[in-house]
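Try each task on the structure before reading the solution.

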Amino acid sequence: MAGPVILGARVLFVDDEEAIRRLFETFLSTEGFDVRGASTLAESQDLVKTKWPEVVIVDKNLPDGSGLELLQTCREHHPNVEVIVLTGYPTLESAIDALRLGAFDYIIKPVLDLDLVSQKVRRALERRHLRAQSRELAGQLADALDKLETSLKDATEALGSEEVEAAKEHVDSAMRATRKARNIQSSLRSDKNQ
């Protein structure tokens with residue numbers, strides 16, 4: 001993936017075990033990320049509100065709550081933030097819950113391969129970037145469709161009654177194409193919410 005998307009990307013690492021937190025802060029910093037650490041749910045929620053990280057890696061079990069609460073906060077207030085959930089107590093139910101709430105990924109501790117975490121952060125940033133591009137393109141498509149509809153209506157109104165019948169098939173065809181494009185736009189918007 002391209003360097004500009006990654007270099008200096010803001011990552012929040014949340015784990016109550018200081019040795020693990022420091023290890024990942026140091027490692028991810030050497031990978032080029034701007035990393036902040038937190039040890040509690042409350043501290044991490046404050047950082048999410050002020051720093052707006054691009055990726056959050058959070059332990060599911062924190063001393064003052066669940067990392068899934070931070071995931072929910074991110075989804076509600078900053079849906080563009082990608083969240084990776086860590087846990088030392090994995091269950092199928094907790095993995096499903098995390099993914100259903102919108103987690104990008106789920107990692108089981110102990111993490112023996114630090115490069116795996118770096119790869120997951122990079123993929124999360126890539127997905128974030130692609131979603132932003134998708135939203136931008138959907139907006140451009142909406143603008144173009146609005147202009148097309150306005151032009152078609154104006155052209156139809158400007159034609160005389162005899163010309164209207166001759167042009168009706170062309171207008172109907174263009175309107176069908178417009179509706180198809182709107183359906184594509186809706187699909188793009190729903191993809192960004194997933």
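**Exercise 1. Find the order of the strands in the open sheet, and say which strands stand at the edges.**

Solution. The model is a predicted one. Its open sheet has five strands, in the order β2-β1-β3-β6-β7, and the pairing is parallel. At the edges stand β2 (34-38) and β7 (105-108); each has a single partner strand, so one side of each lacks a neighbour in the sheet. On average, neighbouring strands of this sheet are turned by 20° against each other, direction ignored.

**Exercise 2. State how many bridges join β3 to β6, and name the partner of valine 56.**

Solution. Strand β6 covers residues 82-87, and five bridges join β3 to it, the two running parallel. Within β6, valine 83 is the bridge partner of valine 56.

**Exercise 3. Determine which strands helices α4 and α6 touch or lie across, and how each helix is directed relative to β6.**

Solution. Begin with α4, residues 67-77: this helix lies across β1 (10-14), β3 and β6, and runs at about 175° to β6. Continue with α6, residues 114-158, which packs on the sheet and touches β1, β3, β6 and β7. The direction of α6 makes about 155° with that of β6.

**Exercise 4. Check the span of helix α2 against the expected value, then list its buried residues and what they pack against.**

Solution. Helix α2 (residues 18-30) has 13 residues. From its first C-alpha to its last it reaches 18 Å, close to the 18 Å expected at 1.5 Å a residue. The buried residues of α2 are Arg21, Phe24, Glu25, Phe27 and Leu28. They pack against β1, β2, β3 and α6. After α2 comes glycine 32, with a positive phi near 100°.

**Exercise 5. Decide whether glutamate 25 and arginine 21 are buried or exposed, and describe the salt bridge between them.**

Solution. Buried means under 20% relative accessible area. Glutamate 25 has 16% relative accessibility, so it counts as buried. Arginine 21 has 10%, so arginine 21 counts as buried too. The closest N and O atoms of their salt bridge are 3.8 Å apart. Both residues lie in helix α2, four residues apart, which is about one turn of the helix.

**Exercise 6. Say where in the chain confidence is lowest and where it is highest.**

Solution. The protein chain averages a pLDDT of 86, and 89% of the residues score at least 70. Confidence is lowest in helix α1 (residues 3-6), with a mean of 55, and highest in strand β3 (residues 55-59), at 97.

Technical notes: Residues are numbered from 1 along each chain as its sequence is written. This is a predicted model: local features need pLDDT of at least 70, side-chain atom pairs count only at pLDDT 80 or more; totals for chains, interfaces and linings use all residues. Side-chain values use heavy atoms; hydrogens and water are left out. pLDDT is the predictor's confidence in each residue, from 0 to 100. Two strands pair if DSSP finds at least two bridges between them. Axes are lines fitted to C-alpha atoms, for helices over the stretch in contact, and angles run from 0 to 180 degrees between N-to-C directions. Contact means heavy atoms within 4.5 Å. The expected span of a helix is 1.5 Å times one less than its number of residues. Buried means under 20% relative accessible area, exposed over 50%, partly exposed in between (1.4 Å probe, protein chains only). A salt bridge is a side-chain nitrogen of Lys or Arg within 4 Å of a carboxyl oxygen of Asp or Glu.
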